[in-house]
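Please read the numbered points with the sequence and the model side by side.

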Amino acid sequence: MSDADRKLPLSFLPLPTIGAQKIIALLVLIAQAGIAVTGSVVRVTGSGLGCDTWPQCHPGSFTPVGGAAPWLHQAIEFGNRLLTFVLVALTLALFLAVLRAGRRKAIVVLAFLNGLGVMVQAIIGGISVLVDLKWYAVALHFLPSMGLVWLAGMAWVKIQEPDDGHEVRVYARPLRQLAAASGLALVATLVTGTMVTGAGPHAGDASVLPEDRLQLPIAELSHVHAGFMYLYLGLSVGLVFGLIAQNAEPALRKWGWWLVALIAAQGAVGMVQYWSGVPEALVPVHVAGSGALTAVTAIVWQLGWRHAGGTATATGSPDGDAEYNSHSARVTA
């Protein structure tokens with residue numbers, strides 16, 4: 001056994017390249033955002049109590065039971081619960097991959113937090129069912145999902161950087177502050193968005209009565225939500241122009257423009273929702289936009305704090321590259 005083999009844990013697993021780690025991280029990012037979209041489908045179809053308890057679907061059964069609730073509602077809610085296991089598998093694969101490759105601590109911690117967050121989210125989802133989908137429980141289920149999307153976006157960026165590089169602050173100090181302000185505006189937009197949902201018609205189940213919703217005027221809440229969206233857009237536009245003035249690398253500027261375009265598109269969807277009485281079909285579209293915006297904002301933020309340089313371009317870590325090169329040499333010998 002080589003020195004590299006002794007240093008790396010889980011040496012019985014295949015050694016993942018940076019490319020393989022990047023693909024797994026991207027799948028985790030998509031799945032973290034996607035499960036929020038399927039959760040919105042649960043809401044707009046009134047399927048939230050298709051499984052009326054947790055962790056079982058119905059008392060005495062972990063799977064749907066004929067006649068316990070409409071079959072379509074059971075199928076949608078149970079299907080959403082099954083996606084949690086897909087996320088568990090993906091986040092476990094990511095954690096094992098970065099651990100096997102011997103990646104730096106920051107990457108391993110991000111991968112671990114993604115997996116831990118999925119389990120915490122499953123518990124929060126169960127609590128929301130047990131309290132009969134009260135608006136605040138639904139909000140507290142959605143917001144951590146966006147937090148996990150943020151962490152997944154950070155991990156996707158960091159995984160592509162060799163561990164033997166050095167920390168570089170790409171942003172000038174004013175741009176770092178502007179990027180942070182943009183992230184805070186995103187948080188405010190998401191929080192007020194959950195309040196609009198809490199006061200609106202899509203409760204998650206047909207049995208949730210209007211008096212169980214957030215007792216605030218939805219029109220005023222919508223205007224507050226839109227105001228934070230405008231702030232988020234303005235700060236992001238300012239950040240992009242700052243990056244142009246700083247002559248930042250083209251990839252970072254491109255991601256910045258993507259962010260501005262996504263905010264504008266998300267704002268357009270929100271306006272159509274408001275003017276048309278929040279049609280059911282647009283709710284998953286708006287939630288998908290929230291996930292995309294969170295992911296891109298996280299990527300833009302993380303690209304401002306790079307681990308630049310380095311020579312460990314095969315697996316990302318010096319030890320991993322030593323093993324990779326040793327194996328390649330044996331194969332070609």
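1. Buried means under 20% relative accessible area, exposed means over 50%, and partly exposed lies in between, with a 1.4 Å probe and protein chains only. By that scale W257 is partly exposed, because its relative accessible area is 42%.

2. The model is predicted: local features need pLDDT of at least 70, side-chain atom pairs count only at pLDDT 80 or more, and totals for chains, interfaces and linings use all residues. Residues are numbered from 1 along each chain as its sequence is written, and side-chain values use heavy atoms, leaving out hydrogens and water.

3. Aromatic pairs. The structure holds 4 aromatic pairs (rings of Phe, Tyr and Trp, the last by its six-membered ring, with centres within 6.5 Å; planes under 30 degrees apart are stacked, over 60 edge-to-face, the rest tilted). One of them joins F241 and W257 edge-to-face, at 5.9 Å centre to centre and 80 degrees between the planes. This pair links distant parts of the chain, 16 residues apart: F241 belongs to helix 7 (residues 218–246) and W257 to helix 8 (residues 250–275). Helices here are DSSP runs (H or I, at least four residues), numbered from the N terminus.

4. A tilted pair. W301 and W305 also form an aromatic pair, tilted, with 5.9 Å centre to centre and 40 degrees between the planes. Both partners count as partly exposed: W301 has 23% relative accessibility, and W305 has 24%.

5. The largest nonpolar core. A nonpolar core is a set of buried Ala, Val, Leu, Ile, Met, Phe, Trp, Tyr and Cys residues joined through side-chain atoms within 4.5 Å. The largest has 49 residues, and those touching the most other members are L94, V98, Y171, Y232, L239, L243 and L252. Elements that give two or more residues include helix 3 (71–100), helix 7 and helix 9 (282–303). Helix 2 provides the largest share, 9 residues.

6. Contacts of L243. Contact means heavy atoms within 4.5 Å. Apart from neighbours within four places in sequence, L243 is in contact with Y171, L175, A248, L252 and R253. A second, separate core has 5 residues, among them L110, L151, M154 and A155.

7. Where is P16 found? P16 is in the loop between helix 1 (3–7) and helix 2. P16 counts as buried because its relative accessibility is 10%. Not counting residues up to four places away in sequence, P16 touches Q21, A97, R100, A101 and T315.
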